[in-house]
Amino acid sequence: MAKLESDKSVDRLNFVPPTPRTQPEQHPPPVQWLRIKYAKRGRARFTSHRDFGRAFERALRRAAVPMAYSSGYSPHPRISYPNASPTGAASEAEYLEIGLAAACDPDKVRDALDAALPYGLDVVEATVVRPGALAEELTGSHWQLDLAGLSTATLQTARDAFLAKDVVLVQRMTKNGIREFDARAAVVTFEVEDGRLTLTLAHQTPLVRPDDVLAGLQVTSPEFAPIEPPVLTRLAQGWLDPDTGAITEPGH
């Protein structure tokens, strides 16, 4: 018996090949970079890094800042966020950089962004910079830790016990699971005032945060038990002198 002809040949004749994917639009490089110094104050300290990023991009649109965009299939505004403070920490010294498609007066950009951001997220300064230098200038931070309900003597004892150790291992949950690291190695200066600790921390890998130092104090001094959640505030961030603990802010 003769083999029946298949209809597959007809299907192939009716096949329409897909349209080749076009190349994405190529955007020109930024003509100007601005460094933005901003603060997180009051209840705004609970703003996460992701939430701040969304709020900042909305502020850029409201302020009509002429942003430069990356090239590719998913263009995004040219914004660089190095070393953001942890959620729950206030700050007087956060930094980011933006690339612009047109040159602008930095003071006008500062004022427009400050007016467009939510209360507690305050733009302090905007300056013209060369790109790519900010991360290299942020090698240390100066922190203030307010601890209600603990006497100066208790804080002094806990600080002395911490500094007496060569290594203080603490654990923190990261996106890759629990990680253990030395909180002592990053501490450059450590002072006690009335109900308050002040720290200068070197930016290392992994980055040691002030809450890691508090965890280390509980390791070396079991009696160290804050009654209320501490209020953490970054006072300064910039180039760290490892000998003196002095912080020179970027651009100064």
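Biologist: Which residues does Gly-88 touch, not counting residues up to four places away in sequence?

Modeller: This is a predicted model, where local features need pLDDT of at least 70, side-chain atom pairs count only at pLDDT 80 or more, and totals for chains, interfaces and linings use all residues. Residues are numbered from 1 along each chain as its sequence is written, and side-chain values use heavy atoms, with hydrogens and water left out. Gly-88 lies in the loop between β2 (79-80) and β3 (90-100), strands being DSSP runs of E, at least two residues, and helices runs of H or I, at least four, numbered from the N terminus. With contact meaning heavy atoms within 4.5 Å, Gly-88 touches Arg-45 and Phe-46.

Biologist: Is Arg-234 buried or exposed?

Modeller: Arg-234 is found in strand β10 (residues 231-240). Buried means under 20% relative accessible area, exposed over 50%, and partly exposed in between (1.4 Å probe, protein chains only). Since Arg-234 has 2% relative accessibility, the residue counts as buried.

Biologist: How far apart are the end C-alpha atoms of helix α2?

Modeller: Helix α2 covers residues 49-62, 14 residues in all. The expected span is 1.5 Å times one less than the number of residues, so α2 should span 20 Å. The model agrees, because the end C-alpha atoms are separated by 20 Å.

Biologist: Which residue with a positive phi follows α2?

Modeller: Within α2, buried residues include Phe-52 and Leu-60. After α2 comes a residue with phi near 55°, and that residue is Ala-64.
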